[in-house]
Amino acid sequence: MAILTVTKDNFMDEVLKSDKPVLIDFWATWCGPCRMMSPVIDEIAAENADIKVGKINVDEQPELAQKYGVMSIPTVILFKNGQPAFTSIGAKPKAAMMQLINGAK
């Protein structure tokens with residue numbers, strides 16, 4: 001499944017009202033660890049049709065980062081039924097991310 005670019009304009013429909021769990025990657029272009037996480041997020045999106053995956057650029061969407069308490073990036077939040085189910089801060093290997101996702105589904 002393609003990765004969504006999530007903004008304050010589509011956050012409600014794509015994340016909060018989604019019938020599937022939604023994995024959101026809070027990132028920025030200048031963030032080295034975010035660049036390390038990008039291929040992991042891409043693989044998760046490609047291999048898991050039962051979840052939606054989106055990215056929020058914190059420089060372009062500071063309101064969303066502030067609303068969900070994102071203080072450092074990369075921060076990944078899994079939303080389930082419109083609510084955060086788990087938060088992961090920092091770069092993590094794919095296996096660790098999948099363990100968190102599967103535990104929260």
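Select Cys-31 to begin: with a relative accessibility of 4%, Cys-31 counts as buried, where buried means under 20% relative accessible area, exposed over 50%, and partly exposed in between (1.4 Å probe, protein chains only). The model is predicted, so local features need pLDDT of at least 70 and side-chain atom pairs count only at pLDDT 80 or more, while totals for chains, interfaces and linings use all residues. Residues are numbered from 1 along each chain as its sequence is written, and side-chain values use heavy atoms, with hydrogens and water left out.

**The disulfide**

A disulfide joins Cys-31 to Cys-34, with an S to S distance of 2.4 Å; the criterion for a disulfide is a pair of cysteine sulfur atoms within 2.5 Å. By this rule the count comes to 1 disulfide. The torsion about the S-S bond of Cys-31 and Cys-34 is about 80°, so the disulfide is right-handed. Cys-34 is also buried, at 4% relative accessibility.

Next, select Gly-32, which is placed in helix H2. Helices (H or I, at least four residues) and strands (E, at least two) are DSSP runs, numbered from the N terminus. Gly-32 counts as partly exposed, at 28% relative accessibility. Display Ile-73 as well: Gly-32 and Ile-73 are 41 residues apart in sequence, and their C-alpha atoms are 9.5 Å apart in space.

**Along helix H2**

Select residues 32-47. At 1.5 Å a residue, the 16 residues of helix H2 should span 22 Å, and the end C-alpha atoms are 24 Å apart, which agrees. The expected span is 1.5 Å times one less than the number of residues. Centre the view on Ser-38, where H2 has a kink of about 30°, shortly before the proline Pro-39. The bend at a residue is the angle between axes fitted to the seven residues ending there and the seven starting there.

Now show the side chains of Cys-34, Met-37, Val-40, Ile-41, Ile-44 and Ala-45, the buried residues of H2. These buried residues pack against strand E2 (22-27), strand E3 (52-57), strand E4 (75-80) and helix H4 (94-104), contact meaning heavy atoms within 4.5 Å.

**The nonpolar cores**

Select Phe-11, Ile-24, Phe-26, Ile-73 and Phe-79, the residues with the most contacts inside the largest nonpolar core, which has 18 residues. Such a core is a set of buried Ala, Val, Leu, Ile, Met, Phe, Trp, Tyr and Cys residues joined through side-chain atoms within 4.5 Å. Helix H1 (11-16), E2, helix H3 (62-67) and E4 each supply at least two residues of this core. The largest share, 3 residues, comes from E2. A second, separate core of 15 residues includes Val-40, Ile-44, Leu-78 and Met-98. In soluble globular proteins, nonpolar side chains tend to be buried together.

Return to Phe-11. Residues up to four places away in sequence not being counted, Phe-11 touches Val-6, Leu-16, Ile-56, Leu-64, Tyr-68 and Phe-79.

Select Val-22 in strand E2. Val-22 counts as buried, at 0% relative accessibility. With residues up to four places away in sequence not counted, Val-22 touches Glu-14, Val-15, Lys-52, Ile-77, Leu-78 and Phe-79. The C-alpha atoms of Val-22 and Lys-52, 30 residues apart along the chain, are separated by 4.6 Å.

Lys-80 and Val-22 are 58 residues apart in sequence, and 6.6 Å apart in space, C-alpha to C-alpha.

Move to Asn-57 in strand E3, which is buried, with a relative accessible area of 8%. The side chain of Asn-57 reaches the backbone nitrogen of Asp-59 at 2.9 Å. Leaving aside neighbours within four places in sequence, Asn-57 is in contact with Trp-27, Ala-28 and Thr-29.

**Two backbone features**

Most residues other than glycine have a negative phi, and most peptide bonds are trans. Select Pro-74, in the loop between H3 and E4. The peptide bond from Ile-73 to Pro-74 is cis, with omega near 0°.

Finish at Asn-81, placed in the loop between E4 and strand E5 (83-89). Asn-81 has a positive phi of about 55° although it is not a glycine, and Asn-81 is exposed, with a relative accessible area of 67%.

Methods
A polar contact is a pair of N or O atoms within 3.5 Å; within protein, one must be able to donate a hydrogen and the other to accept it, and residues adjacent in sequence count only if both atoms are side-chain atoms.
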